[in-house]
Amino acid sequence: GKRIKGLCEERPEWASYYVDYKSLKRLIKMKLGEEVEEAEEGFKLTLESEIAKVESFFRAKGNVFTTELRQLKKRVSLLDAQIEGASECSNIVQLLELLQGKEEGSLLKDLLSFAKHVDDLREFLFANTQACIKINKKHDKNSKYKLREQYCSVLQKSLFFTSAQFGMLICDTKTLVCSLVERLGGNSPPAEAFRCSVCSHVFNNPLSLKCGHNVCLRCIPVTNLFKEKRCPVPNCGHVEFKFDHENVEVYHLLQMLQVTKFTL
């Protein structure tokens, strides 16, 4: 609830597309007397409608971002030579100052801004996933009808949780930023910096765990999201954590890019 409220303040134009957590809480409190079954059905229909709303928004935004990324790729491909002095810049601010007034500078700004927008959508998805998990826990605590197993399956199949296309968008975005930085100054980050600690593949919508490991969202079994669980990385030994914002957060694209020479 509080997390979604904070994100809505940051992105007010997205506010109406978040899971309506407060309405779902009110439905849980309405289950009185002989109206319990009717209230239960109302809760499930509302939750499914909220999930469908998130999916619809995610699909639309994903299509827009895919088009924007295609245009950015074309602009990067047109760059030929390295920029004199770029390899000597120690941070992104210096690099942008060096490129001020140049097409390369405009392109780098646009690409970093695009990466931020992608991260905003990832925060949106993560907050909605947390909201679905939390409201199901609250429901099961206050009802004889248990829904956790059913909505584990719903989340597992949801597009915003499993989308390979979105995973590729994230991967392509960080690859494109690295490609641009390398073209400008000759810096190239190590490939292992972008690999998941569980599946060893290139990150697909990565999360940062409190223990310091970075893993793909899909590498955390959905059933584990509904209860306290240890880090999924073998032999980590980290104490049990909850799937909440204090213990798990989106591993931002700009964080990943800190492995380059620049402090992004």
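Biologist: In which helix does Phe114 lie?

Modeller: Phe114 lies in helix α5; helices (H or I, at least four residues) and strands (E, at least two) are DSSP runs, numbered from the N terminus. Please note that this is a predicted model, in which local features need pLDDT of at least 70 and side-chain atom pairs count only at pLDDT 80 or more, while totals for chains, interfaces and linings use all residues. Residues are numbered from 1 along each chain as its sequence is written, and side-chain values use heavy atoms, with hydrogens and water left out.

Biologist: Is Phe114 buried or exposed?

Modeller: Phe114 is buried, at a relative accessible area of 2%. Buried means under 20% relative accessible area, exposed over 50%, and partly exposed in between (1.4 Å probe, protein chains only).

Biologist: Which residues is Phe114 in contact with, leaving aside neighbours within four places in sequence?

Modeller: They are Phe65, Glu68, Leu69, Leu72, Leu169 and Thr173, where contact means heavy atoms within 4.5 Å. Thr173 is 59 residues from Phe114 in sequence, yet their C-alpha atoms are 8.2 Å apart in space.

Biologist: How many residues of α5 are buried?

Modeller: The count is 28 of 40, so α5 is largely enclosed by the rest of the structure.

Biologist: And what span should α5 have?

Modeller: Helix α5 (residues 103–142) should span 58 Å at 1.5 Å a residue, and its end C-alpha atoms are 59 Å apart, which agrees. The expected span is 1.5 Å times one less than the number of residues.

Biologist: Which residues have the most contacts inside the largest nonpolar core?

Modeller: Tyr18, Phe43, Leu47, Leu95, Leu121, Phe124 and Phe166 do, in a core of 53 residues. Such a core is a set of buried Ala, Val, Leu, Ile, Met, Phe, Trp, Tyr and Cys residues joined through side-chain atoms within 4.5 Å. Helix α5 gives the most to this core, with 14 residues.

Biologist: What does Phe124 touch, not counting residues up to four places away in sequence?

Modeller: Phe124 touches Trp14, Tyr17, Tyr18, Val54 and Phe57.

Biologist: Changing topic, at what angle do α2 and α3 pack?

Modeller: Helix α2 (residues 21–29) and helix α3 (residues 36–77) pack at about 170°, with their axes 10 Å apart. Axes are lines fitted to C-alpha atoms, for helices over the stretch in contact, and angles run from 0 to 180 degrees between N-to-C directions.

Biologist: Which residues meet there?

Modeller: Leu24, Leu27 and Ile28 of α2 meet Gly42, Phe43, Thr46, Leu47 and Glu50 of α3.
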